[in-house]
Amino acid sequence: MLYMDHIRKVMRKADFPEDAQDCFNGVLERIEKEDAFGREYTAILEKYLSGDSGITLTDALSEMYPLCEKCGENFLTMQMVFVLSCTPEMYARYRRENIDEALYWDAMADLKAKLTECRDVLHINGTFMGPWFDGWFRLERFALGRFQYDFQIHSGEAVTLPCGEVLTPGTPVAGMHIPSTGVPLTDEIRNDSYRKAYAFLSARFRTDKVFLCCESWLLYAAHYDFLPENSNILRFMNDFYLYRSYERNSFDDAWRVFSVPDNTPLEAYPENTSLRRAYKKWLVSGHKSGGGLGYILLQNGINTTHIH
């Protein structure tokens, strides 16, 4: 059962473009009306949502690929349809766990972000990040303000932060993710997320010290060399103890920065924002892209990483 009313509500509240809603509604109506299509699709969906089979979302989407070919539907479109089909059960899980409903709707905003990426990069209504949503459905990832956080256990070596606190192996840590919502990473926005994250995660981890970790292209140390001093990205980087930075031989995050497919030549990268102009100039000059790994410590809702 697809619970179409809920799925349509998700698309409306997440502010999907009208043409995208029409596209996904059309596929969902096919699933409901065409017996063979519906049976195969529903079998995969129910197997994934039951949790009994132990299959991941990646497994479920792989099983769905032959169905897409047989029924003539775009696989990226079907990934979003499948994700949407899981949202009623996710809503039910939030209710069973007494999780604030507002957090559910905040999570749904990530569907819009992933849809927008697919539209901007490939001009298709769908998502190429379908497996990402597994963490949402398993209640292992939550949207808390501008950022998203998932539950991890620190498995690397001990990390001593500038404040003197040490993150030791076996300590709970929240992996931090920055969805491409277009909301600027201002001081106010970032600190609001840290406050919300502390309130939620300190209760979950049963500690008054909440460690965050983030590995992202946003934490590439060379940004200090070519981004303007007033860049919100630099302000974001300053929140962290930058544990490691590295270069990459290929610009794997070009789609994130420039909204272009992987095979796009450098000279064709757009220059319609200050970030894109700075990045393109850096790359054209022969420099490489990269990423970084950083840590934050929250105490009493405040980032104390650099406070002695």
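**Helix pair H5 and H6**

Helix H5 (residues 75-96) packs with helix H6 (residues 101-122) at an angle of about 175°, and their axes lie 11 Å apart. Because of that angle, H5 is roughly antiparallel to H6 (angles over 145 degrees count as such). Axes are lines fitted to C-alpha atoms, for helices over the stretch in contact, and angles run from 0 to 180 degrees between N-to-C directions. Helices (H or I, at least four residues) and strands (E, at least two) are DSSP runs, numbered from the N terminus.

Contact means heavy atoms within 4.5 Å. On the H5 side, the residues include Leu 76, Met 80, Val 83 and Leu 84; their partners in H6 include Leu 103, Tyr 104, Ala 107 and Met 108. By class, the contact of H5 with H6 has 15 nonpolar, one polar and one charged residues.

**Basis of the model**

The model is predicted: local features need pLDDT of at least 70, side-chain atom pairs count only at pLDDT 80 or more, and totals for chains, interfaces and linings use all residues. Residues are numbered from 1 along each chain as its sequence is written, and side-chain values use heavy atoms, with hydrogens and water left out.

**Helix H12**

In H12 (residues 274-284), Arg 276, Ala 278, Tyr 279, Lys 280, Trp 282 and Leu 283 are buried (under 20% relative accessible area, 1.4 Å probe, protein chains only). The buried residues of H12 pack against helix H9 (223-226), helix H11 (254-258) and strand E8 (289-299). Gly 286, with a positive phi near 100°, follows H12.

**Whole chain**

The chain has 12 helices and nine strands. Buried residues make up 50% of its 308 residues.

Notes. Angles under 35 degrees count as roughly parallel, over 145 as roughly antiparallel, 65 to 115 as roughly perpendicular and the rest as oblique. Ala, Val, Leu, Ile, Met, Phe, Trp, Tyr, Cys and Pro count as nonpolar, Asp, Glu, Lys and Arg as charged, and the others, Gly among them, as polar.
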